[in-house]
Amino acid sequence: MQSHANFMDPVALAVDDLREQYTREMALVRQTYERTGDGTAAIRRRSAVVDRILIEMWRRAFAGHAALNVSLLALGGYGRKDLFPFSDIDVLFAFADEKTEEQSREPVRTIIQGMWDIGLRASPCSRTVKEAGRFDPDNLEFTLATLDRRFLAGQFPLYQQLHQSVLPGLVLSEWNAITQKLGEIARARHAKFGNTIFHLEPNLKDCPGGLRDYHLAVWFALLFHLKQAKEWPRQRGGVFQSARGDAEAAFDFLAAARCFLHFRHGRDDNALDWQSQDEAAARSIGLETRGTADPAYWMRTYYRHARVVYRRAALLMEHLPAPVSFYRQFRRRRTPIAGTDFVLDQGRIDIVPGAQFSDTSAILHIFSLMATHGYTLSQAAEDRITDALPALAIHIPEGPYLWNALREVLIGPHAAHALRTMHALGVLEMLIPEFHGIDALVIRDTYHRYTVDEHTFLCIDNVHGLRQPSNEQEKRLAQLMPEIDRLDLFLLAMLLHDTGKARRTGEHAGQSVELADAFLARLDFDNEERELILKLIRMHLEMSNALRRDIFDHENVRAFAEKIGNPLLLKMLSIMTFADIKAVNPDALTPWKAENIWQFYMATSNFMDRSVDEVRYHSAIDPTLLNRLRSMLPPAQHEILRQFLEGLPQRYLQTRLPEQIRNHFQMSLRLDEDAVQLDLRPTRQLFDLTVITRDRERLFADVAGALAAWGMNIVKAGAFSNEAGIIVDSFHFSDVFRTLELNPTEKERFLESMHEVVAQRTPVEQLLEARSHMSHPSNLKVEVETRLEFDGESSSHSTLLQVVAQDVPGLLRQIALTLSNHGCNVEVALIDTEGDTAIDVFYLTRGGAKLSAETQQSLARDMMAALETLRTPAGA
């Protein structure tokens, strides 16, 4: 009876000594990790620590009841002995039958409670043998967890029954369903992260290329082995080993990094945030050398390992059978690829067993087929090519032979896919050693999302993507593609355009030219071909730089046109700029940036054709627009329309549809009824606010301030006026907190607030004060130094001021306020943001003329002081 009472009472299990033991041993695990940096050893040690604790708890809980046919199994990460410092403890209580489960209920509950009392995050499950043999498609996690299982305590014959019969029988009978479901879950997870390893703050566990992908590859390898051999592998680790040990090295790095995150945060937190990257680099986490490493170098190492893991997982997933059953009726065909030891098998290129090759030209032919048709390589083919690299390096083709092989790859619609594979296998660097310097090279800021090598492949992808344009901007640029008669040379320039970034001198274009020149010398190009490629590389940033100026300014267009020199180069640079910006990050090429590329291309092309427009509109010179708009309006408004258009900048007229100009004109007719006319329209991911009123001081600054007070992020702005002093200001902004989207009624309150500020009935300072507690930036990832640059030469009528500063709330308002205090009129405002960096350009006049040197000096002094107040918290 006493025995029964102890058995039923969960309080009877004392764990104080086990808690002290666990705390003491985990302190040693942490000390050893911090001394050695060996994450793999740390997770193995924690697994052993927990093993001892649970085995002892089992002994105490089941004391006197050894006859019960129950077993305790470690599952999942714990089953693999990959138990990270704050990971959950997955265990399975296995019972012979339901009666045994009922008899074991209290000791099992006692063990689970004891785990929590000790500080172990228990994740238990219970199954009878019969239940363990059933497959639940809605609970794949349990089936996957059983793939990684170990015996801990209890009845070993029961474990053997599960291990040798029940679980392999379940997996084999449901093999297709398990593998298909596993593939679906993995693809959904990859899609959640944009199907890319490149993230500013990756999750070490769940991101593509993370630990979950490593385990995914192991699971698939295990499942394929079980299907073929009808039994588990004798040594689980042997089922997934990479020929070069790169997958194992990747695991060791990721394990070290994840241990670091767990210890740093004191919880199961796997997000590698910006500050964690800095600290991990400072401690050389996962690196072979100790001391301090540069954060960009440390992240470069991370991306190299993530790339290996992601490719391994993806290749194994491609071996999955087609889910649609009727495909099986077709006989599997393996078509030999002429002149090679490779065969084509359902879109995958495989290697003939036992083949020995040293013919580099045959290998390059395989990559040209991949570029043309989108084929992929099997894992066996990839491993054989990598193993053969030393022999292949002796027979590298040179001159025209090398160029012909590269050319076939570059011009294929799937060129980027083929180049990525060549790069991952070391073939690309073998052919172009100059490319090695940008392998996984990180530009560590919040604007550049991709490593330099991946950015290069995306650029090439973007060029080929113009064959099937997806929007109006791309359709217009696609018109230029047929006019580039040497697309092969253009794509080669694209491949080499950023190689100079490896030298980290800042001005990479010149360095890229040097590296490209050395490579081109080995291709035996003639001078004309060579100069075209080098000129494209040398000038690949020129259009981006010109876009930071007023694209409708005559002097800007003239200077760019004279620098470019010919229409063909202009077409190439326009496409190159489009592809380059789009490949920086998924949001870098906004619709208005794409529109600006086209508008600037047209303006420069017109200049080259000697048909340049006037800076401001005058109906006497060009009545075309006036006549077109008159057709939309009653005759009584024709003269008033002429007065409205007179003196408006051409940049305003050329960036708006006639219907928009007509609407703005009609808004101006209502100024006598209400001196402030507003129009708010959603445009894709942004909002477009138009303000029409009569000119006054600080108007631009007040609108910018009011938008900042509402939490809006201004991404583009324009300030326009006609000869009559009517102002047409436009602001494109993003609704960061989705205020207007989630609260439709707020739109009216927003417009009323803007109206009162413009009408000077509500001081903008009042709105900003209400938001002051949210204004100071926190957790800035990159500290941006404020820089001012005046340019009195680029425009014939204005002085340009470029402001580079930290992108913080209220920045534009503070700039505009300072300009107003100095009596400066903003002719044009070009607002741009790259990550945490604001790059704003203002065309300024004072009294209708350019700024004097004295004005520039005093303005610079006051502007720096004003912007410094935005960086300093109140009361600091």
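**A quick tour**

This protein comes with 39 helices and 17 strands. Keep in mind as you browse that the model is predicted.

**Overall build**

- The protein has 876 residues, and 55% of them count as buried.
- Look at contacts between residues at least 6 apart in sequence: 71% of these join residues at least 24 apart.

**Surface and charge**

- About 38,800 Å² of the protein is accessible surface, and carbon and sulfur atoms account for 49% of that.
- On the charge side, there are 117 negative side chains and 98 positive ones.
- The centres of those two sets sit 5 Å apart.

**Spaces inside**

- You'll find four cavities of 30 Å³ or more in the structure.
- The largest cavity holds about 100 Å³ of space.
- Its lining is made up of 14 residues.
- Which of these lining residues lie nearest the centre of the largest cavity? They are Leu200, Tyr303, Val442, His448 and Arg449.
- Two helices to pick out here are H13 (274-282) and H14 (295-317), as each supplies at least two residues of the lining of the largest cavity.

Notes: Residues are numbered from 1 along each chain as its sequence is written. This is a predicted model: local features need pLDDT of at least 70, side-chain atom pairs count only at pLDDT 80 or more; totals for chains, interfaces and linings use all residues. Side-chain values use heavy atoms; hydrogens and water are left out. Helices (H or I, at least four residues) and strands (E, at least two) are DSSP runs, numbered from the N terminus. Buried means under 20% relative accessible area, exposed over 50%, partly exposed in between (1.4 Å probe, protein chains only). Contact means heavy atoms within 4.5 Å. Accessible areas come from the Shrake-Rupley method with a 1.4 Å probe; for residues, only the protein chains shown count as cover. Lys and Arg count as positive and Asp and Glu as negative; His and the chain ends are not counted. The place of a charge is taken as NZ of Lys, CZ of Arg, CG of Asp or CD of Glu. On a 1 Å grid over the protein atoms alone, a cavity is a set of points where a 1.4 Å probe fits but cannot get out, and a pocket is an open set with protein on both sides within 12 Å along at least five of seven lines; lining residues have an atom within 4 Å of a point. Grid points are joined across faces, edges and corners, and a volume is the space filled by probe spheres set on the points.
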